[in-house]
Amino acid sequence: MMANFDQVSLLLLVLVPLAGAVLAMALPKDRPRDAWQFAIFVAAVSFVISVIVFLRYDYGAGGVQMVRAYDWIGHPVNITLHFGLNGIGAPLVLLNGIVLLGAVLISQTITRRTRDFFVLLLALGAGVYGVFVVRDLFFLFFFYELAVLPMYLLIGVWGSSTDFGTFLRTKEYGAMKLMLMLVAGSILIWIGILALYVASSQAGDPTFNIDKLAALQQSGAVSRVTQMWVFPFFAVGFGTLAGLWPFHTWSPDGHVAAPTGVSMLHAGVLMKLGAFGIIQVGMLLTPLGAEVWMPVLIGLGTVNVIYGAISALSQNDLKYVIGYSSVSHMGYVLMGIATLHPVGLAGAVLQMFSHGIMTALMFAMVGAIYERAHIRDSMILNGLIKRMGTTTFFFAIAGLASLGLPGLSGFIAEFMVFTGAFRTYLPLAVLGVIGAAITAVYILRLLARSFFGEGDPQWAHLTDASPVEKGVGAAFVLILIAVGVWPAPLLRVINTGVEGALSVF
């Protein structure tokens, strides 16, 4: 029975939230709680499937598993809805299941056009699942766009504008900036995909199939020069979504304008699609080009780390702090990828999972504060622990994981990235460690300024997190601790994917 489930499990991962989005359209517009509860049901089913898929992945066998293909367009175009899961995609599928369910639960505060909000949120979740489990570049690009495009409406309609006194950053500005940058990146990705498709056509077998294209480049059918020119299209295209400097500027503005649940998915999962694309498409299909350009990528990733940390240090808005922190932490991911070292790459994938949980938790808690105080200025908020003790605890754990406290998931992930970097690019590894030190400064300063110290009487009316927020926070904290104390279950799976990714070099 489970063998039959394996055959359709990846299809179900995509179909359940996608069908949920379609069915949600039939819900009454004037019953927001029904839409929320229906979305919880769909997200919970998706979460259960993602857990089963992760547990069913045989790390002893490795490779691509749970393969199933459905012909879509035959000869001469040759496009197939081809599913398959490797050791890098498996933990990210689990991450999406966790964050999607948490984002839906947190979104209980959405009362305007609730049905439409959850239609878009579930469609976004389906797109993310699709990117992680398809083995055809055409459909990978389709699901990539399905994950990205709903962000424009989710931010533009349900987001919030921020007044800095001297100027106003509207939600429409954040949504439009995000969309323009990500669409520009998508164009580069599509150019790279078409270049590989043309190369396969010239070899006599036009295909979008990732495995066939990988075999094609290993046979020498795709020249070194072609790979050298194609890899930057993937690196910059996918890197834009991953927050790659200097194409990162859409990310903090998008974070600040987005509603809480969307911020959780944005930082927790969507940015990981970019890093996954660099590994799954750029490295696997153009390895000769990757070898040439990786020194540039690790240099830009190091700039991410330092620039993002210093920028976070200079912010007062809690969401901007977390937004620039995400840019900095995605720099660690890019550094780990660029090492082309087993330890560094495994650390990058583990960092994707760890950062996805910690940053989603921080955004959830900031959302709880903003819902009650209607302000996110760390210069005004102070002594919140006296009124919001549980919220403070959850935010503190996420912050400590972010700065790499031993015993939490961030420590082992960053340690592995630094180990790989020290073995390959020593000077840049030193700069990465300096970035981690700056992270500790802004996280501890933020905790001291906004959560601890003397309480301000103007916040005496604040209430602590709701039962739903406490449940989501507790679950995320347990995951951060569990991965920090015992990362082996994740690393066993990740290492099989890393072996496959580096086998082409």
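Reply: Happy to! A residue counts as buried under 20% relative accessible area, as exposed over 50%, and as partly exposed in between. Please keep in mind that this is a predicted model.

By that scale, Asp116 is partly exposed because its relative accessibility is 22%. Its partner in a salt bridge is Arg113, with the closest N and O atoms 3.1 Å apart. Arg113 is partly exposed too, at a relative accessible area of 49%.

Asp211 and Arg135 meet through their side chains in a salt bridge, at 2.6 Å from N to O. Asp211 sits in helix 8 (residues 210–218), while Arg135 is in the loop between helix 4 (114–133) and helix 5 (137–148), so this pair ties together parts that are 76 residues apart in sequence. Asp211 is partly exposed at 31% relative accessible area, whereas Arg135 is buried at 4%.

Arg376 and Asp317 form another salt bridge, at 3.1 Å from N to O. Arg376 lies in the loop between helix 14 (342–373) and helix 15 (389–402), and Asp317 in the loop between helix 12 (287–313) and helix 13 (318–338), so the pair ties together parts that are 59 residues apart in sequence. Here both Arg376 and Asp317 are buried.

Technical notes. Residues are numbered from 1 along each chain as its sequence is written. This is a predicted model: local features need pLDDT of at least 70, side-chain atom pairs count only at pLDDT 80 or more; totals for chains, interfaces and linings use all residues. Side-chain values use heavy atoms; hydrogens and water are left out. A salt bridge is a side-chain nitrogen of Lys or Arg within 4 Å of a carboxyl oxygen of Asp or Glu. Buried means under 20% relative accessible area, exposed over 50%, partly exposed in between (1.4 Å probe, protein chains only). Helices (H or I, at least four residues) and strands (E, at least two) are DSSP runs, numbered from the N terminus.
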